[in-house]
Amino acid sequence: MARTLFDKIWDAHTVNTVDGGPTQLYIDRHYCHEVTSPQAFDGLRRRGLKVYRPERTICSPDHNVPTLHQDKPINDPVSRKQVETLYRNADEFGLTLFGLGHPGNGIIHVIGPETGLTLPGYTIVCGDSHTSTHGAFGAVAFGIGTSEVEMVLATQCILQPKPKTMRINIEGRLGKDVTAKDVALYIIARMSTSGATGYFVEYSGEVIRNMSMEERLTVCNLSIEMGARGGMIAPDKTTFAYVKGRKYAPKGEAWDNAVKYWESLASDDDAVFDKEVTFNADDIEPRITYGTNPGMGIGISEAIPHYDGNDEVGRASYEKSLEYMGFNTGQHLEGTPVDYVFLGSCTNGRIEDFRAFAGYVKGHQKAPSVTAWLVPGSRAVFEQIKEEGLDMILADAGFELREPGCSACLAMNDDKVPSGALCVSTSNRNFEGRQGPGARTILAGPLVAAAAAITGVITDPRKIQFTHHGQ
Ligand SMILES: CC(C)[C@H](C(=O)O)[C@@H](O)C(=O)O
Ligand code: SF4
C-alpha cells in the first residue's frame, strides 16, 4: 500500500500496537531542558530506575538562562535552581550535558540540527511543544509532557495514538523580502490555531523545496501553532548537504548507507493524506500579527480584519485581544511606534536570521527609541556571527549581541518586555503576557524586525531604499 513519509517513519519505529489503543514507538533522540524534566528524573529516582539508553538523551539549559554574563552564577534564585537541577540530573543519570558556556549549548531546537544529533528518519521527542522544528529533516518529531519524558528516559519508548496526516503544499515563488516566517504565519492565519489539530503535517511544493534547512526549520517550528502534532519535510539534497560532516552525523560507509535509506523517505506518489491543502506563494507578503494568538495575522499592508465568525465566544476573545493590544478593527499598523525588537528564539535564532537582519540594518542606525535584543539561538550561532563579522556590522548600526537562550520568547528569564510596551518579535507566540506581564507582542520575520529596529515604527521591509541590502 502506498505510504506517506510520516507512515514510513512511524512504521519503522513501531515496537507494538494495541488494538484500538496507542502505538508503542521507539525513540531515536530525546532532548531535555530544565523546565519539563525535574519531575521526570524524580520519578526515576522514586522507582529506582536508570535511564535505559543514556546516549540517546541530550540535555541543554535554555529557558531560564540569562543572556548576559553567562560565565557568572545565575542571579535569579528560581532560574539558578532549575538550571542546577538539570546539571545534577544529567550527572547522576550519565547523560550528555551542554551547560552554559559549553560550545554545544543553546536552545534545544537549534542545537539538535546544527550538531547532527537530529537526523532524517529519526523519531525525536522533547518535553517541549516546538519539538516539531526537527521535522524539517524528515523526522517524526513531537513535543511530550513530563510524565512521557519519564517514560522515554526509562524505556526509550513512548505510547502514542497515531495522528491523521495532512499535506500542505505551497506552490510558486516567494516575492522580495518574504521569508520562511512569513510563509508560516500565513499558513497559520489561513488554517487558524486549531486547523491542524489531530494531524501530522507534511509540507511540500516548490516553495518548500527551494528553502534552505534554516528556512525549513522555521516553517516546521510553527506547526504546533496551528494545533498540529508535528510538521515535516521530505529529506532531499539540501538536507543531506546540511547534515554531512556535522559532529554527530554518520561518517564514511555509514554515511553512504544512511543517505541510501534517507532517499527512500518520501511520500509515495499515490499516497493519500487525510487532508490536503494548497497555497500560492503570490498571496504571501511580509506578515505581522495584530492579536494575541499566532493565527491573528495579516499581510503588513493589510488592515486588521473584522471578526468573521459567528460564535459569541470567538467574538469576545477577538475583542479582548484587540483591547489588550490597544488596536482597532480596520486599523493599519504600518507606522505604529515600536518599543522593543527581539531577534532570536527557536523560530528565528539561526545564522541565516542574523545574516538577514545584519544585511538589512547595515549602513543604518538603530532608532534611539527602540530597545533591541539580538539573541543567537545557540553558542555555535553566536560564534559564527563573530566569525562572519556580523557582530561588527551590528555594532556599527548600534546593536549589541547577547548570549544564547530562549530570552524574550517567554518571560522565564531576565529578558522581559515591560508592561504596555510593544515588541516586534521573531518568536512564535504572542499570548497575553508571553514576553512579560502586560507586554504586547507582534510576531514577524527577521526583515520586518530589522525594518522596525531602524525606523522605530512598523515598516514594510520592501519600502525602504537600501544601498547594501542585497536581497
Ligand atoms: C517551557 C516549555 C514547556 C514550553 C513549550 O512546551 O513550548 C516553551 O518552550 C514554550 O515555548 O512555551
Ligand atoms: S525559544 Fe521560545 S518557543 Fe523555543 S523552546 Fe524556547 S521558549 Fe519555547
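This section describes the domains, sheets and ligand surroundings of a predicted model.

The mean pLDDT of the protein chain is 97, with 99% of its residues at 70 or more. For the complex, the predictor reports an ipTM of 0.99 together with a pTM of 0.97. The chain is divided into two domains, domain 1 spanning residues 5–276 and domain 2 spanning residues 288–463. Their centres, taken over C-alpha atoms, are separated by 24 Å. The contact between them involves 39 residues of domain 1 and 37 residues of domain 2. On the side of domain 1 that touches domain 2, the elements giving two or more residues are α4 (108–115), α6 (180–191) and α8 (213–221). Helix α6 supplies the largest share of that side, namely five residues. By class, the residues on this side of domain 1 comprise twelve nonpolar, 18 polar and nine charged.

Thr17 has Thr23 of β2 as its bridge partner. The two strands β1 and β2 form a hairpin in which five residues lie between them, and Gly20, in the turn, has a positive phi of about 70°.

A separate open sheet is formed by four strands in the order β11-β10-β9-β12, with parallel pairing. Because β11 (230–232) and β12 (275–280) stand at the edges and have a single partner strand each, one side of each is left without a neighbour in the sheet. On average, and with direction ignored, neighbouring strands of this sheet are turned by 20° against each other. Strand β9 (residues 164–171) runs parallel to β12 and is joined to it by six bridges. Among the residues involved, Ile170 has Phe279 of β12 as its bridge partner. Helix α1 (residues 5–12) lies across β9, β10 (199–204) and β11, and runs at about 125° to β10.

Another open sheet of four strands has the order β16-β15-β17-β18, and its pairing is parallel. Its edge strands are β16 (371–374) and β18 (440–443), each of which pairs on one side only. Neighbouring strands of this sheet are turned against each other by 20° on average, direction ignored. Strands β15 (residues 340–343) and β17 (residues 422–425) pair in the parallel sense over three bridges, and Tyr340 is bridged to Cys423 in β17. Helix α16 (residues 446–455) packs on the sheet, where it touches β15, β16 and β17, and its direction makes about 145° with that of β15.

The model also contains ligands, whose surroundings are described in turn. Ligand 1 is surrounded by Val35, Thr36, His63, Asp128, Ser129, His130, Gly143 and Leu410. This shell consists of two nonpolar residues, five polar residues and one charged residue. Around ligand 2 there are 13 residues, of which Ser345, Cys346, Cys406, Cys409 and Leu410 come nearest. The shell around ligand 2 divides by class into five nonpolar, six polar and two charged residues. Domain 1 (5–276) and domain 2 (288–463) each give at least three residues to the shell around ligand 2.

Note on methods:
Residues numbered from 1 in each chain as written. Chains lettered and ligands numbered in written order. Predicted model: local features only at pLDDT ≥ 70, side-chain atom pairs only at ≥ 80, totals over all residues. Near = placed C-beta within 6 Å. Nonpolar A, V, L, I, M, F, W, Y, C, P; charged D, E, K, R; others polar. pLDDT = per-residue confidence, 0-100. Pairing = 2+ DSSP bridges. Domains from an automatic or database assignment. Contact = placed C-beta atoms within 7 Å. Axes fitted to C-alpha atoms, helices over the stretch in contact; angles between N-to-C directions.
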